[in-house]
Amino acid sequence: MEKDDMMLDELANKEYEFGFVTDIDMDISEVGLNEDTVRFISAKKNEPQWLLDWRMKGFRAFQKQDMPQWQNFEMPEIDFQSISYYAAPKKQAKYASLDEVDPELLKTFAKLGIPMSEQKQLAGVAVDVVFDSVSVSTTYKEHLNEMGIIFCSISEAVKNHPELVQKYLGTVVPHTDNTFASLNTAVFSDGSFVYIPKGVRCPMELSTYFRINAENTGQFERTLIIADEDSYVSYLEGCTAPMRDENQLHAAVVELIAMKGAEIKYSTVQNWYPGDKDGKGGIFNFVTKRGACRGDHSKISWTQVETGSAITWKYPSLILQGDHSSGEFYSVAVTNNKQIADTGTKIYHLGANTKSRIISKGISAGQGQNSYRGLVQMGSKAKNARNFTQCDSLLIGDQCGAHTFPYIESKNNTATIEHEATTSKIGEDQVFYLNQRGIDSEQAIALIVNGYAKEVLNQLPMEFAVEAQKLLSLTLEGSVG
Amino acid sequence: MLSIKNLHANIEGKEILKGINLEVNAGEVHAIMGPNGSGKSSLSSVLAGRENYEVTEGEVWLDGKNLLDMKPEERAREGVFLAFQYPVEIPGVSNINFLRTALSEIRIHRNLPPLSAKDFLKMTKEKQELVEFEAKLANRSLNQGFSGGEKKRNEVFQLAMLDPKLSILDETDSGLDIDALRIVSNGINKLRTADNAFVLITHYQRLLEYIVPDFVHVLYNGQIVRSGTKELALELEEKGYDWLKEEYHGQESINTK
């Protein structure tokens, strides 16, 4: 036990590696939230009237809503009036090459290990970098353009492809969905937009890195991905945030739409600042992500590795409308120190012969609390629908917690629903066995945890999987049980 | 190579080793026998550095280095290998990946350059053949779903890969059928060199028919009460341990008078 405590202490004293602040002039709106704030943001971005109107609807919905109270933790007080809702780097020009980008910014990316360079090109990844709120660099656009693929910031999409944005925005996550989604609707700053035309297979992984940089700046990303009939796209989202004392709110909305025969793979590695060992600081990550399999034989797959944030509140969901459509949810959520994660998925089977698969791996260390919350709903028309759920929890140490809240609702007697769950503890015997082969305890834990999470990590694109493995080890460093 | 001097150790406050003395030289095979609860497995755990044992007295030296000052992984890197009586299962961690990690730590410690993937795989194949370990087992998750015999054979395979100075085999023969016992023993015999040493902990003389020891020690009540050559094992087989127990208690009562 003594050794455990020492290790836990060591871990607790480890500084967040990515905690630093980039000194770039920011263009920040005044703090506070009212109709004028919404108008200010919309005006700053030269938006059309329909978008302002929609933002206003979102704002009014936000005003009427209460904070959700059903989650397995006490909702922190968030003073929405003390947040600044718009921040953009001052240099907004688009650059032809990286040489023209603010060197401070490049340094930041280097520290984060974001390979926005030639290496990335070799790896075949086009990166749409969102630095705080506005895109500063988009690569590969031309190559993708030739195939008819649109990959740009959502602001650009509003300017250049308003008909697509207007047609699909808010159709999966309505402006009334929940407090945070409504807030996002009102004040979203930027985000990514992807459209894959009929029959096109996107030849590269599309990826975006998000990062919170300005103090007291809420981060409200909006992502919209549309895969038209028989198309395919794999999209990666990854992020790290610099150290802050004040809690920062991150309330993103992601909407995915898959038409007939289309497939979308959406992968996330989330590493926002988790707060210090006493739980001070850290990001509140309240995210609404939802995908709609609109057409027959369409498929959407969510993969997430959640290692950061003080609080993660996130349930990437799926609406399986089309017959024979299918959905997957693969998740690894790690909580250490005082981190809280309440995460899982909701899958609505509406169409006939729809299939879904849920693999959730929770890892709790320190005093971390990890909850899996899931809903599998079989509609009356979902003939022969099938779901398989596996929900595992791994505990490290004796002060953490793992909780599962699986809900199953079936209105169809032809549906098949399977649910498996396990809870285990990293054994001293396992760690000692690896020690006895020359492997130290840190590395032993990393091996065991990565083995445990393998089924999920295997779903990630190669280079992301490596990053995710490192993150898992980093997050759990020292937490020997 | 290994020098144990007056080693005393407790577990949960109870003294379990009561003054062990043992010298093991390079090239030697020692067998440690003894009845249940005599402290055989505790000795192997203490040597490997399991944390719930507390050493209260004595010294353990490995080639002039103080073993008791080292963490378990440092002992392993110095060349102490424990073949576990009950090898653990670690789901999702491939045997090969685990061995590669272990080997690379040990090579770093020995100032050897890292092995290329190609050389590592070549070595894996050679050692698999040497100890008759199936490739399909090597590629599976570490011990997961292995039979008792397969787990023991995996220990010997790991031993072959990591090439330790001192190997302690904790009842590696238990739970093996006669064929598996032969395979495990052949493997160990092939791994014996003039530079390494083996300590075999066993209940039964049977193993010693396959791996012939240079010395046999009998552990009873936390002490080595008798040492001899391989003939001692045969004598034990024939007469059991009771005569040694009686002798020991007789001696003890004389000492206390």
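Residues count from 1 along each chain as its sequence is written, with chains lettered from A and ligands numbered from 1 in the order in which they are written. In this predicted model local features need pLDDT of at least 70, side-chain atom pairs count only at pLDDT 80 or more, totals for chains, interfaces and linings use all residues, and side-chain values use heavy atoms, with hydrogens and water left out.

**Exercise 1. State how many helices and strands chain A has, and what share of its residues is buried.**

Solution. 
- Step 1. Helices (H or I, at least four residues) and strands (E, at least two) are DSSP runs, numbered from the N terminus. Chain A has 13 helices and 23 strands.
- Step 2. Buried means under 20% relative accessible area, exposed over 50%, partly exposed in between (1.4 Å probe, protein chains only). Of the 481 residues in chain A, 62% are buried.
- Step 3. A contact has heavy atoms within 4.5 Å. Among contacts in chain A between residues at least 6 apart in sequence, 85% join residues at least 24 apart.

**Exercise 2. Describe the six-stranded open sheet of chain B and find its edge strands.**

Solution. 
- Step 1. Two strands pair if DSSP finds at least two bridges between them. The strand order in chain B is β6-β9-β10-β3-β11-β12, with mixed pairing.
- Step 2. β6 (80-83) and β12 (223-228) of chain B each have a single partner strand, so one side of each has no neighbour in the sheet.
- Step 3. Axes are lines fitted to C-alpha atoms, for helices over the stretch in contact, and angles run from 0 to 180 degrees between N-to-C directions. With direction ignored, neighbouring strands of this sheet are turned by 20 degrees against each other on average.
- Step 4. Inside the sheet, β3 (residues 29-33) and β11 (residues 215-220) of chain B pair in the parallel sense over four bridges. Here B:Ala31 stands opposite B:Val216 in β11(B).
- Step 5. Helix α9 (residues 230-239) of chain B packs on the sheet and touches β3, β11 and β12 of chain B. The direction of α9(B) makes about 45 degrees with that of β11(B).

**Exercise 3. Work out which strands helix α1 of chain B lies across, and how many of its residues are buried.**

Solution. 
- Step 1. α1 (residues 40-48) lies across β3, β6, β9 (166-170), β10 (197-201) and β11 of chain B, at about 145 degrees to β9(B).
- Step 2. A second open sheet, of four strands, has the order β2-β1-β4-β5 (chain B) with antiparallel pairing. Its edges are β2 (14-24) and β5 (65-66) of chain B, each with a single partner strand, so one side of each is left without a neighbour in the sheet.
- Step 3. β1 (residues 2-11) of chain B pairs with β2(B) in the antiparallel sense over eight bridges, and B:Ser3 stands opposite B:Glu23 in β2(B).
- Step 4. α1(B) also lies across β1, β2 and β4 (53-62) of chain B, running at about 105 degrees to β1(B).
- Step 5. Eight of the nine residues of α1(B) are buried, so the helix is largely enclosed by the rest of the structure. Among the buried residues are B:Lys40, B:Leu43 and B:Val46.
- Step 6. B:Gly49 follows α1(B) and has a positive phi, near 95 degrees.

**Exercise 4. Describe strand β19 of chain A through its burial and its partners.**

Solution. 
- Step 1. Eight of the ten residues of β19(A) are buried, so this strand is largely enclosed by the rest of the structure.
- Step 2. Ten bridges join β17(A) to β19(A), which run parallel; A:Phe329 has A:Ile358 in β19(A) as its bridge partner.
- Step 3. β19(A) and β21(A) also run parallel, joined by ten bridges; A:Phe388 in β21(A) is the bridge partner of A:Arg357.
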